[in-house]
Amino acid sequence: MLWIAIRMLTGDAQKFYGLLFGIAFSTLLITQQLTIFVNLIERGASGVFNAPEAEIWVMDPVSRTTDVKYEMPSTALDEVRSVRGVEWAVPHLRAAASVRTSTGDLEGVAIIGVDDATLIGLPRNMLEGDKNVLSRPDSVIIDDVGVTNMFADGTDPIGQRLELNDQRAVIRGVADSIPAFTSQVVLYTKYTNALNYVPGSRNRLSFVLAGVSEGQDAATVAARIEEQTGLKAETRDEFAQAGIDFIIQNTGIPTNFGITVALGFIVGVAIVGLTFSLFIRDNIKQFGALKAIGVTNSKIVRMVGAQALLVGSVGYALGVLGTAGFMYAFSAVPQFKGFYIPWQIPLVSLVAVVLILALTGWLALRSVLNTEPASVFR
Amino acid sequence: MVKPTGEAAIHARGITRDFQAGQSTIRVLHGIDTEIRAGEMTFVVGESGSGKTTLISIMCGILWPTDGEVKVFGNDIYSLSDSDLVNFRLQNIGFIFQQYNLIPSIDVAANAAVPLIAQGMPIDKARARAKVLLDKLNIGDQADKLPNQLSGGQQQRVAIARALVHEPRLVVCDEPTAALDASSGRRVMDLLREVAVAPDRACIIVTHDNRIFDLADRILVLEDGRVTHDGTDMPHDH
């Protein structure tokens, strides 16, 4: 009977493709929007991910994220270094500045000052040049999003001169970094250079990045730092999560994406529900005849279930493939760089599809199950 | 002409059926007592609203009577559990509907094989058995077509094949000639007599088509929910 059920559905091409479209569209909307949402809010932690060596981030107690921070006195660095279990500690500066390009344009940038000696604080990989270019005078390394934003005409950024706080800066490398939440241009330079590029008050140290000694637990050492210095210390994962939480709590992004995901669900229910109901209504005489002939209600349920399973699995696959295709197509766009589909998201879409089909299938089934076999004689 | 065995295929006693219409209850059948014998082609005739469709629906186990008892080949069908009753219909009863109710998206052979498939027979085997019957009904060459590619008469034959493919002991036909012209109607009835009437099988035909009354072995006339005539011919006043 399941074969008959499938043929009943696929034989009605208009409704079959309508159902597939409904499920695929719904899946695409839910999966794609959730994927963008998750990747976007993860950008709130990009500053942490771009400094892979740091196991502990130490900051003023009022600081919350890599961008929402309060500068500390430079003595904080020595205080952290003195804590037992800290293998190394380096200064890290993060500040906003305006840069004047050679064409006279003004661009808002983020200046990141990394440790002069170890260059800890730089992204792991470079796209152009070498990390050691920072040892040359006035050197800065630009991130790849910055290249796109500032040199959209295809000009080679290497060797380009910039003006930062009346100081000369020369781009000598391109870092392969995770873009910031705002896709702002990021310039990496040595800590001592950064102090010149960014005007500021007496306290300039944004963070102290620390590594833990072998055999030590980062969380324990962080707690010890807090206890001994009175500063705030978070492990890499904690601080990354703090950046994500800040985006969730302080922007309308979750609400906006939530609305779109809900719309995807509602559109799915509407299209699939309507089409499924029409399909059942068109075939109600046939279902009635089957019931009269001797097909049990449980077999009818299995038949409609098989139809829903077929539509659901094909439509879901199309929707997820569509999302993957979208991500692939936009992977070259810097703002979408590094976007991936977390495995939980297709699972969420699958649950949504199951709910859509269960709801619409149940509504459609009710009319079949309530059809009296005797109605075929009327 | 098949010789009737005289065995009672259906034994109905005191069949009453009420329907609710708003606040009022309408009695459609008034305590009908009758028997349908195997080997006979029995016509149930009457005006619209006389209760003939309700009567055969009850006789073939798809509509519960308000009161009364129906035995089909000795089985008190309304004392069976729901699932047993459904299974009883699947094994013992063949239906020919006025609108045919063929499944439009599966081919003729599969349509004819539906009862066998519902019984659990593999599709290929069921189709093969259906094709044998379709050949007998002279539409074997149409087996791979879809129902909408056939004429009304051919679709009727597919419906007949579907009703007989599982060799039921009771065949119930609802207005089999209603959608056909006179000559096509008689051909269908001749065909039904040839393939559906057997010594151990009863065939009930609900009709108000007076062009085919002469083909009946027995005629039950219903008026206002009561059997007013039971004989081999129509009464003269009809």
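Which residues lie on one side of strand 6 (residues 93–96) of chain B and which on the other, and are they buried or exposed?

Analyst: The model is a predicted one. In strand 6 of chain B, Ile93(B) and Phe95(B) lie on one side, and Gly94(B) and Ile96(B) lie on the other. These four residues are all buried, so both faces of the strand are covered. A residue counts as buried here if 20 or more other C-beta atoms lie within 10 Å of its own.

Next come the partners of the strand. As a general point, strands of a sheet pair through backbone hydrogen bonds, either parallel or antiparallel. Strand 6 of chain B is joined by 4 bridges to strand 7 of chain B, residues 170–174, and the two run parallel. Within this pair, the residue opposite Phe95(B) is Val172(B) of strand 7.

The pair belongs to an open sheet of 6 strands in chain B, with the order 6-7-8-3-9-10 and mixed pairing. Strand 6 is an edge strand of this sheet, as is strand 10 (226–231) of chain B; each of them pairs on one side only. On average, neighbouring strands of the sheet are turned by 20° against each other, with direction ignored.

Further along the order, strand 3 (residues 41–46) and strand 8 (residues 202–207) of chain B also run parallel, and 5 bridges join them. Here Met41(B) stands opposite Cys203(B), a residue of strand 8. A helix packs on the sheet as well: helix 6 of chain B, residues 152–164, touches strand 6 and strand 7. The direction of helix 6 makes about 170° with that of strand 6 of chain B.

Chain A itself is assigned two domains: domain 1 covers 2–43 + 252–377, and domain 2 covers 73–230. Their centres, taken over C-alpha atoms, are separated by 48 Å. Contact between them involves 5 residues of domain 1 and 8 residues of domain 2 of chain A. The side of domain 1 that touches domain 2 consists of 1 nonpolar, 2 polar and 2 charged residues.

To return to the part you asked about, strand 6 of chain B pairs on one side only, yet both of its faces are covered.

Note on methods. Residues numbered from 1 in each chain as written. Chains lettered and ligands numbered in written order. Predicted model: local features only at pLDDT ≥ 70, side-chain atom pairs only at ≥ 80, totals over all residues. Domains from an automatic or database assignment. Contact = placed C-beta atoms within 7 Å. Nonpolar A, V, L, I, M, F, W, Y, C, P; charged D, E, K, R; others polar. Buried ≥ 20, exposed ≤ 12 C-beta atoms within 10 Å, placed from the backbone. Pairing = 2+ DSSP bridges. Axes fitted to C-alpha atoms, helices over the stretch in contact; angles between N-to-C directions.
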